[in-house]
Amino acid sequence: MSFVEARNRAITEAMEQSERTILIGGFGGPGAPEGGFGRAFGERRVRAVPISEEGFAGAAVGAALMGLRPIVAFGNASFMFDAWEPVLNEAALIRYMSGGQFTVPVVFHLSVGLRAGWAAQHSQTSQAMLCNAPGLIVVAPGTPAGAYELMRAATASDDPVAYVDAQTLHPERGEVPVGQEVRPVRARVLRAGADVTVVAVAGTVPRALRVAERLAGEGISVEVVDPQVLSPLDRTTILESVARTGRLVAVDEGQLTCGVAGEIVSTVAEQGFDLLRAAPRRVAIPDVPIPPGPTQIELVTPTERRIEAAVRAVLD
Amino acid sequence: MSIPRDQLLPLFTSMLLMRRVEERVCELGPKEVFGNYHVYIGQEATGACVIAQLQPEDPVFSTHRCHAHALARGISVEEVMAELLLRGTGASKGKGGTQHIMSRERLTFATSIVGGSTLLATGAALAAQVMDAPWIGVAFLGDRSLAEGVVPEVFNLAGLWELPVLYVCENNAAGAPYDPRRRSNLSLAELTDLPRTYGIAVAAVDATDPAEVYPVAVDLVERVRRDRRPAFLEARTPPWPGRSGGENPSLAVTGATDLRLAWDPPAEDPMAAWHRADPLLRMVRLVLESGVATHEELLRRDREVQDRVERATDAARRASFPPAEDAFAHIFAGGELWPR
């Protein structure tokens with residue numbers, strides 16, 4: 001099953017299981033007409049929207065307060081910035097500010113993933129910004145199984161969830177155990193290893209796995225961990241992995257400064273300093289806007305080449 | 001149609017309670033009410049008349065100016081006062097404060113982000129439509145919120161999707177002459193021009209006169225409930241003189257309200273303009289003209305309300321702040337679904 005099929009399967013199951021689950025869609029992403037949800041569930045529950053991200057995201061929050069379970073598809077992550085008010089000031093805070101009286105079961109779907117030609121305004125990677133909003137769950141699947149598991153959990157969650165969907169993963173295929181009960185979501189160890197832990201986020205997961213496979217041929221044993229949930233972070237699984245390997249590379253296709261990779265490194269530095277045999281490394285976007293040209297974008301993306309170089313560096 | 005006889009005393013009492021709580025807030029001042037507070041003095045007819053038409057299942061979305069709406073929805077004076085003083089016994093367990101008096105039981109929300117109430121109420125109306133539920137969404141908003149981009153966004157959604165939502169725009173800058181450009185920073189001849197453009201039913205009232213607000217509130221709430229389409233009410237009041245730019249409001253200018261002014265105005269009154277525009281004094285006159293109560297009965301009721309506010313204030317002062325470690329509570333709904 002492909003990544004997109006797995007994600008859409010989870011949405012379909014949620015829509016079938018509860019009349020209260022609705023889809024409010026923008027351009028691209030699961031809300032788009034080609035997703036087929038409109039045909040399957042009708043325009044009452046699958047809403048084509050005017051281009052007003054703050055308006056329709058805010059309406060979704062109000063609807064969630066009254067018992068609906070909306071999935072809001074912003075399309076490109078950049079467009080979500082127009083909806084910062086309802087996402088950060090309303091959805092993430094209403095439970096807290098009401099002393100726990102209200103829940104806001106809404107899923108915000110956003111597409112990330114660097115691709116040549118899209119230019120900086122269509123290439124924002126906002127996962128770290130979203131992690132700065134306590135009250136909001138931030139998930140970022142890195143595998144087809146994760147795409148399914150995390151969308152199932154997100155649509156079952158009583159908390160607001162931002163679902164960070166790396167479009168570069170869409171062609172990925174894998175085993176997806178579907179149709180099961182929603183279970184607690186934790187980080188996954190995707191490949192066991194002894195020498196280095198690579199914690200890879202979202203679109204960087206297949207790259208990390210390919211680097212691990214390649215280096216295995218040289219006798220370097222790389223453990224690959226997919227955190228799956230960026231906030232709250234499953235720190236335990238990451239620390240347990242570093243306890244086995246003693247070395248850490250954190251990879252995220254987001255900006256370097258105050259980023260997700262930095263949070264993972266900080267966690268290990270603070271809570272697992274004695275486990276480390278070498279200084280950890282981050283592989284991220286080096287604090288530059290995303291250029292559209294193919295040679296420039298290659299330089300700033302957390303590619304296999306850069307991940308491999310970081311693994312070799314921590315082994316030096 | 002004016003105010004039905006059996007509604008006169010309940011409305012008077014509702015407005016009086018709002019007034020006495022807000023006056024007490026002004027007396028407590030920023031030392032006891034942490035942070036900036038926004039009072040509702042002069043606007044009471046709107047909240048009392050509109051909320052009296054609502055059902056318990058109609059969600060109400062208020063703003064930073066939420067104390068009176070909370071009271072009209074039936075959140076107790078004790079819970080309101082305790083929340084104002086950030087006590088654990090407050091409506092929002094001391095996690096909201098003056099701008100966020102909320103109650104699940106009373107379906108009352110408050111957001112301090114200008115325009116935010118319109119978003120949430122529109123969504124509540126969407127939920128009613130999708131679920132075939134009977135409620136209507138109700139948003140209170142201020143005149144200046146119409147300058148926020150999100151307000152025409154939700155007007156567009158509400159008009160496009162035909163959502164059962166009532167927007168109650170409390171224009172508390174509507175002195176004479178009426179001039180949204182100068183008084184509200186809005187390039188509109190009338191506030192109702194904006195929602196009307198989106199096909200939303202509109203009405204404007206002089207909200208210093210409860211007898212004018214009441215029938216329009218009845219009509220608009222009935223229309224939204226029956227036709228399942230949006231409506232917009234502009235409730236016009238002049239600014240209360242105790243509200244001065246930047247500072248927290250106080251009673252320094254007006255003093256506390258003396259109900260006797262309604263039937264015994266002084267020959268020389270430096271506050272005559274405010275007293276003419278005071279909806280509470282106008283409500284007193286409506287009650288007296290109808291004969292449903294005497295001066296003495298109104299004054300006795302006033303003493304009862306003031307006593308209740310005083311007892312609630314005392315109780316709030318005696319109550320504890322919530323435990324410090326509660327700073328970590330209420331962030332997530334919890335459960336084992338997500339890591340901790």
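A salt bridge is counted where a side-chain nitrogen of Lys or Arg lies within 4 Å of a carboxyl oxygen of Asp or Glu. The model is predicted, with local features needing pLDDT of at least 70 and side-chain atom pairs pLDDT 80 or more, while totals for chains, interfaces and linings use all residues. Residues are numbered from 1 along each chain as its sequence is written, chains are lettered from A in the order in which they are written, and side-chain values use heavy atoms, without hydrogens and water.

**View 1. Salt bridges between chain A and chain B.** The rule finds two across this interface. In one of them, Arg186(A) pairs with Glu336(B), and the closest N and O atoms are 3.7 Å apart.

**View 2. Contact between chain A and chain B.** In contact (heavy atoms within 4.5 Å) are 59 residues of chain A and 49 residues of chain B. The buried area, meaning the accessible area (1.4 Å probe) lost on putting two parts together, summed over both, is about 4,300 Å². Carbon and sulfur atoms give 68% of this area. Met66(A), Tyr96(A) and Met97(A) supply 18% of what chain A buries against chain B, more than any other three residues.

**View 3. The largest pocket.** A pocket is an open set of points on a 1 Å grid over the protein atoms alone where a 1.4 Å probe fits, with protein on both sides within 12 Å along at least five of seven lines; lining residues have an atom within 4 Å of a point. The volume, the space filled by probe spheres set on the points, is about 550 Å³. Of 23 lining residues, Ser231(A), Pro232(A), Leu233(A), Phe332(B) and Arg340(B) are the closest to the centre.
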